[in-house]
Amino acid sequence: MYAAPPKVNLLVLRSPEIHRAAEFYRALGLLFTLDRHDTGPEHSTSQVDAFVLEIYPLGSNQLPTTSVRLGFSVDSVDELLPLLRTAGAIVVSAPHDSPWGRRAVVKDLDGHTIELTTHPNRDS
């Protein structure tokens, strides 16, 4: 008997300015609330289905999370990109057709790389 493969349910990013970072990801369509676990630091939390994205403050002794690459499936890369540019995104790769669908790559305000894809059969 085989166990079901694990599903990703949490990603934690670190930012020197969590409120600014949350505003950027709101432009992507994510909704955030402020949270705190026990005596831990205040952080921003967004949940979509079973997946949680948290943005924690970057502490002086912590390494940045900018080597992480995030990927989001979106309704329309072409319509979303201008909103992200207005929010401060740096376009790494302009929208183009790829084997995985319409695709673009941006960097957020902290330098995290974000891949945006509109899959041909996204909602099926």
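Two strands count as paired if DSSP finds at least two bridges between them. Strands (E, at least two residues) and helices (H or I, at least four) are DSSP runs, numbered from the N terminus.

Welcome to the tour! The model is predicted, so local features need pLDDT of at least 70, side-chain atom pairs count only at pLDDT 80 or more, and totals for chains, interfaces and linings use all residues. Residues are numbered from 1 along each chain as its sequence is written, and side-chain values use heavy atoms, with hydrogens and water left out.

**Whole protein.** Start by showing everything: 2 helices and 8 strands. Their order from the N terminus is β-α-β-β-β-β-α-β-β-β. The C-alpha atoms fill a box of roughly 50 × 45 × 25 Å along the principal axes.

**The sheet.** Now select β5, β8, β7 and β6, which form an open sheet in that order, with mixed pairing. Look at β5 (69-73) and β6 (90-98): each stands at an edge with a single partner strand, so one side of each has no neighbour in the sheet.

**A strand pair.** Next, pick residues 101-107 (β7) and 113-118 (β8); these strands run antiparallel and are joined by 6 bridges. Which residue in β8 is the bridge partner of Ala-104? That partner is Leu-116.

**The helix.** Finally, select residues 77-86, helix α2, which lies across β6, β7 and β8. The helix runs at about 10° to β7. Such angles run from 0 to 180 degrees between N-to-C directions, with axes as lines fitted to C-alpha atoms, for helices over the stretch in contact (heavy atoms within 4.5 Å).
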